[in-house]
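Please look over the sequence and the model shown here before reading on.

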Amino acid sequence: MTTSTLALVGVAGGAGTTRTAVEMAATLARADRSVAVLDAAFGTQGLATYVSGRISDDMTAVAVGESAFEAALYDADYDVPGRVAVCPAHAPFERIARAKAPDAARTLETVVADAADRFDHVLVDVPPVAANQAVAALTAADRRALVAPATQRGVDLLPRQRGRLRDIDAPAEAVLATRTDAPDAVAVADADHEIPAGDPVGPTALDPESALAPAVAAAVEGLFDTELGLDFEEPRLLDRL
């Protein structure tokens with residue numbers, strides 16, 4: 001059965017979780033799928049940077065009952081056959097604090113389920129587990145993947161987050177290593193998928209000739225148990241020399 005909802009949780013801040021979620025969403029939309037990307041990383045609010053124009057309603061407002069989910073969805077203007085809609089966090093500290101309360105976390109669980117009914121796939125951007133909304137996002141998802149940068153810090157922190165997910169009875173089914181092509185990258189021995197760095201503006205996966213695009217597609221197919229049917233150019237001999 002195809003996985004509908006996937007939570008991506010960083011082993012640390014700056015692991016590349018938000019970027020990975022956006023790249024995966026763009027890849028799914030290239031294959032004519034509809035995708036929602038939900039922001040549970042209330043503190044960093046990184047998903048908001050992928051929204052063009054003013055953000056009025058957001059995920060925290062939905063969580064505290066001040067906005068409807070539909071009002072907080074913003075369509076990405078990508079030249080793809082499918083649809084990418086993001087629900088970012090973009091709020092003052094006071095509302096962020098309220099959105100981390102237990103009742104708001106339970107609302108987040110219903111939002112994940114609602115999104116799964118509306119879209120072919122749902123990606124949830126989750127921070128390292130330390131607050132109610134992260135726990136809610138992880139337990140509501142069909143599947144969870146840990147995102148670890150290919151650094152010594154990423155390797156060192158991976159077991160801690162793996163343990164926290166087990167503690168909340170929402171174990172990770174996979175590990176994604178990010179920025180694996182960096183000059184100082186280290187091996188993430190437990191990685192099921194490796195994602196190279198992309199263009200800072202992104203999403204780089206929209207370019208099928210990029211090195212990142214096929215790597216993200218392979219991760220998406222594995223994590224969602226689906227076949228995308230996307231074609232990629234084979235690297236030319238000169239490119240590999």
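In what order do the eight strands form the open sheet? The order is E3-E4-E2-E5-E1-E6-E7-E8, and the pairing is mixed. Strands pair here if DSSP finds at least two bridges between them. Strands (E, at least two residues) and helices (H or I, at least four) are DSSP runs numbered from the N terminus. Strand E3 (74–75) and strand E8 (193–195) stand at the edges with a single partner strand each, so one side of each has no neighbour in the sheet.

This is a predicted model, in which local features need pLDDT of at least 70 and side-chain atom pairs count only at pLDDT 80 or more, while totals for chains, interfaces and linings use all residues. Residues are numbered from 1 along each chain as its sequence is written, and side-chain values use heavy atoms, with hydrogens and water left out.

Two bridges pair E3 with strand E4 (residues 83–87) in the antiparallel sense, and Tyr74 stands opposite Val86 of E4. Strand E2 (residues 34–39) runs parallel to E4, joined by five bridges. Here Val37 stands opposite Val86, and Leu38 stands opposite Cys87. Val86 of E4 therefore has Tyr74 opposite it as well as Val37, given that a strand pairs where DSSP finds at least two bridges. E2 is also joined to strand E5 (residues 121–126) by five bridges, again in parallel, and the bridge partner of Val37 in E5 is Leu123.

How far are these strands covered? Buried means under 20% relative accessible area, exposed over 50%, and partly exposed in between (1.4 Å probe, protein chains only). Four of the five residues of E4 are buried, so this strand is largely enclosed by the rest of the structure. In E2, six of six residues are buried. Ser34, Ala36 and Leu38 point one way from E2, Val35, Val37 and Asp39 point the other way, and all are buried.

Helix H5 (residues 132–140) has Gln133, Ala134, Ala136, Ala137 and Leu138 as its buried residues. These pack against strand E1 (5–10), E5 and strand E6 (143–149), and also against helices H3 (93–99), H4 (102–118) and H6 (152–167). Contact means heavy atoms within 4.5 Å.

Turning to the whole protein, the secondary structure comes to eight helices and eight strands. For 241 residues, a compact globule would have a radius of gyration near 18 Å, and the protein agrees with this at 17 Å. That radius is taken over C-alpha atoms, and the globule rule is 2.2 Å times the number of residues to the power 0.38. The C-alpha atoms fill a box of roughly 55 × 40 × 35 Å along the principal axes. Buried residues make up 54% of the 241. Among contacts between residues at least 6 apart in sequence, 73% join residues at least 24 apart.
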